[in-house]
Amino acid sequence: MSAPLYAALLHYPVYKKNGEIITTSITPLDLHDIARSCLTFGVKKYYVVNHLAIMKHLAGRIAEFWKSEYGVNYNKTRTDALTIMSIKDHLEDCVEEIAQTHGARPILAATSARRSERTTSYFELAERLAREERPYLLLFGTGWGLIDEFIRRCDLLLEPIEGAGEYNHLSVRSAAAIVLDRLCGNRKRD
């Protein structure tokens, strides 16, 4: 028994560095790098969530390129990873699709670089994923992170990834890889 795991990269609602709530642009590297991490760690589907038509067009063109004959011949592993990527307008579209697939609404697990009193450890979530059947949806924010009001509405908030010093601003693709490794990495336990 193990819970189906999904991931979503949200471009809204996120903060701009001045605290304004914005929709960020899609970054091409985020598309295939996070898709590769997701496929490596057994994520069922990787959602890219952005309601802006031009950004959805960009994401679609990138996916088409890597799925084309040229893309397959150039780097089939990137093509394989993008097969689990899906572009959606809103988070609720992802939630509905997962609920239809599994007959249960997913548990929403947000990520943030900001500290909070209500965080869940990676160990605790990994244990839950190993023993539960209900689907989970990991939420990654772009820009300067998911807005606080949105995070409060999520079921869980993972503890922040912390480095050795005061600086704490990883790219979302780096953070996604670390989070997925901590939750799903093949570790030998004594």
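Trainee: What relative accessibility does Arg105 have, and what does it count as?

Mentor: Buried means under 20% relative accessible area, exposed means over 50%, and partly exposed is anything in between (1.4 Å probe, protein chains only). Arg105 has 44% relative accessibility, so it counts as partly exposed. Before we go on, this is a predicted model, where local features need pLDDT of at least 70, side-chain atom pairs count only at pLDDT 80 or more, and totals for chains, interfaces and linings use all residues. Residues are numbered from 1 along each chain as its sequence is written, and side-chain values use heavy atoms, with hydrogens and water left out.

Trainee: Which side chain does Arg105 meet in a salt bridge?

Mentor: In general, side chains of opposite charge can pair when their charged atoms come close. The cut-off here is a Lys or Arg side-chain nitrogen within 4 Å of a carboxyl oxygen of Asp or Glu. For Arg105 the partner is Glu92, at 3.0 Å from N to O. Arg105 sits in the loop between α5 (91-102) and β6 (107-110), while Glu92 belongs to helix α5, so the bridge ties together parts that are 13 residues apart in sequence. Glu92 has a relative accessible area of 35%, so it is partly exposed as well. Helix and strand names come from DSSP runs (H or I, at least four residues, for helices; E, at least two, for strands), numbered from the N terminus.

Trainee: How many salt bridges does the structure hold?

Mentor: There are 13. One of them joins Arg114 to Asp148, with the closest N and O atoms 3.1 Å apart. Arg114 lies in the loop between β6 and β7 (119-120) and Asp148 in helix α7 (residues 148-153), so this pair links parts 34 residues apart in sequence. Both ends are partly exposed: Arg114 at 30% and Asp148 at 34%.

Trainee: What about Lys88, is it buried or exposed?

Mentor: Lys88 comes out at 18% relative accessibility, so it counts as buried. Its salt-bridge partner is Glu97, and the closest N and O atoms are 2.9 Å apart.

Trainee: Which residues have the most contacts inside the largest nonpolar core?

Mentor: Think of a nonpolar core as buried Ala, Val, Leu, Ile, Met, Phe, Trp, Tyr and Cys residues joined through side-chain atoms within 4.5 Å. The largest one here has 39 residues, and Tyr46, Leu125, Leu138 and Leu183 have the most contacts inside it. Helix α8 gives the most to this core, with six residues. A second, separate core of 21 residues includes Leu10, Tyr15, Leu108 and Leu139.

Trainee: What is Leu183 in contact with, leaving aside its neighbours within four places in sequence?

Mentor: Contact means heavy atoms within 4.5 Å. With those neighbours set aside, Leu183 touches Tyr122, Leu125, Ala126, Leu129, Leu138 and Leu158. Thr79 has a relative accessible area of 8%, so it is buried. Beyond its neighbours within four places in sequence, Thr79 is in contact with Trp66, Lys67, Gly71 and Val72.

Trainee: Where is the peptide bond that is cis?

Mentor: Go to the bond from Tyr12 to Pro13, which is cis with omega near -5°. You'll find Pro13 in the loop between β1 (5-10) and β2 (14-15).
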